[in-house]
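Biologist: Before we discuss any assignments, could you put the model on the screen, so that each term can be held against its definition?

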Amino acid sequence: MTDTSGASFINVVSAYGVDNTGSSDTHALLQTAINSISGAGNAVYLPTGTYDLGNSQIIIPDDTIVTCSPAAILRRSQDISGPAPYGSYTSAMVSVGNRCQWSGGVLNNTAVVASSTTKVTIGDGNRTFTVPAGLPWTTSTFLRIWSRANPANRYEGQVVSYSGTTLVLSDQFAASGSGTHSDWNITYGGVYQCPMVLHGVTQSIVEKVRVTGNWYVGLLMDGWNPPSGGSLQTSACAFRDCHTESVQNRGIYLYGGCSDNLIDGCYVNGGGGVTDYGVNLNPANASGSVNWQLRNKIVGTTVVGSGFQGIAVGDFSVYTIVDHCAASALTNPSGIGFLCQAANAGIPQYNRFSSCVATNCPTAGFYFIGALYGGAADCLSVVCGRGYAIGPSNSIQSQYISLASCEADGCTTGFEVVGSSNRCDLTNIKSIANSGNGVQIDAGASVTLATGRSTANGANLADNGVSSNVGGLLLG
């Protein structure tokens, strides 16, 4: 078998004796096979079967083609040990090099660090669990603790203390779900607890991959630089036609410096709130402006059943295009379908959602928080809290946001301009059959322009803003 470039595909099982029964840790032999095949200019083929990689990473050398059978399962069956096991990209199960092509396969994680039968009720504040002794946990260790019966019921945060068999965990990141449970599994949290990473690479394509199991993050592009500086970037790469299933924190994540990348035709199944964020673009600057994300594009991608956010763009993300995407059935009361938000130390600018659809998103279908320029066009929000909202992030006000030819139907509020938002345009909008206000301009919002139609709402217009121009809005 050869591909269009003329490279011959070499079967790692028949040619190198790699175990695909799942009965032994085969990472060393698989790595040898990949290195040998790619080094000879050929392509790697993984046939149907289970490839157990223990707790190790497979590295895909530069300029390598890997094709997997759709039923080829790469499995992490043990967790990496150590006090901070997910502080480096080398903790991902597969690390893809430059100018690579990876197609197909299932990336699965069955590893669990520990378990607990302590009866605990979901709620805010620190929680205490009885766990095994002797685990490598310190106060810097980040954990996710979740109910086996329903992983959407969980805690996530750093270890407050761990002594003997007593663990005290903060809920500084999230405490979600409800009820009292005693069937807890514990896994490590952190960006690099993921099946596949593209770290500081360029021109690589990953397609038709399915991610299952208890990963913290799904597919990851990573170019994170510390606050002290750096120039690491992942650029001109693509995730195409990939599927992530009940990943814990982020289904697909662009982290740190990432530019000119593409997410195309992907599907994120949030598992009814197991996944916090479906697709997230976030430079993650702790301070300063070390990391930027420029000109990334998300096309034809769907997120269903995540918790907090569907598709989100934040921090120093600039010129992002999100086109023909959908976000639906978010489970958390604060869930937002499409979000553009000032976060960490950065203000997102010139980001645009176009021809996107949000349905059943409790807080808002589309929300711009502390954003500058950009906006949404030809989008639809149905049965959400707010259809569209533009608002400040603390002292950072949204400015010059445009919502053009957008429609809100059956929401609580159709369109709302919140707080101190400034010079925002709602042009040629439709606001129909929303239970509250069709268009709401809050006190403090200044120089808002609204045109289009607002009809059959609880109230078609509530304008308390400063210097609003709503004469082009047809009411009723």
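**Values against definitions**

Modeller: R250 lies over the face of Y253, at 4.4 Å from the ring centre. This is a predicted model, in which local features need pLDDT of at least 70 and side-chain atom pairs count only at pLDDT 80 or more, while totals for chains, interfaces and linings use all residues. Residues are numbered from 1 along each chain as its sequence is written, and side-chain values use heavy atoms, with hydrogens and water left out.

Biologist: What makes R250 count as lying over the face of Y253?

Modeller: A charge sits over a ring if NZ of Lys or CZ of Arg is within 6 Å of the ring centre and within 35 degrees of the ring normal. R250 is placed at 4.4 Å from the ring centre of Y253 and is listed as over its face.

Biologist: Which residues lie nearest the centre of the largest pocket, and what makes a set of points a pocket?

Modeller: On a 1 Å grid over the protein atoms alone, a cavity is a set of points where a 1.4 Å probe fits but cannot get out, whereas a pocket is an open set with protein on both sides within 12 Å along at least five of seven lines, and lining residues have an atom within 4 Å of a point. The largest pocket is lined by 36 residues, and F173, V191, R250, Y253 and Y255 lie nearest its centre. Its volume is about 760 Å³, taken as the space filled by probe spheres set on the points, with grid points joined across faces, edges and corners. The elements that give two or more residues to this lining are β27 (250–256), β31 (277–282), β35 (309–314) and β39 (336–341), where strands (E, at least two residues) are DSSP runs numbered from the N terminus.

Biologist: How do you know that β35 is mostly covered, and which strands does β35 pair with?

Modeller: Buried means under 20% relative accessible area, exposed over 50% and partly exposed in between (1.4 Å probe, protein chains only), and six of the six residues of β35 are buried. Two strands pair if DSSP finds at least two bridges between them; β31 and β35 pair in the parallel sense over four bridges, and five bridges join β35 to β39, also parallel. V313 in β35 stands opposite L281, and in β39 the bridge partner of V313 is C340.

Biologist: Why is the pair of F129 and Y155 called edge-to-face?

Modeller: Rings of Phe, Tyr and Trp (its six-membered ring) pair if their centres lie within 6.5 Å, and planes under 30 degrees apart count as stacked, over 60 as edge-to-face and the rest as tilted. By this rule there are 19 aromatic pairs. The ring centres of F129 and Y155 are 6.2 Å apart and their planes stand at 75 degrees, so the pair is edge-to-face. F129 lies in β13 (residues 127–130) and Y155 in β15 (residues 154–163), so the pair ties together parts that are 26 residues apart in sequence. F129 counts as buried at 0% relative accessibility, and Y155 counts as buried at 1%.

Biologist: What makes F353 and F366 an edge-to-face pair?

Modeller: Their rings are 6.2 Å centre to centre, with 65 degrees between the planes, and form an edge-to-face aromatic pair. F353 is buried at 2% relative accessibility, and F366 is buried at 0%. One aromatic cluster is formed by F338, F353, F366, F368, Y388 and F415.
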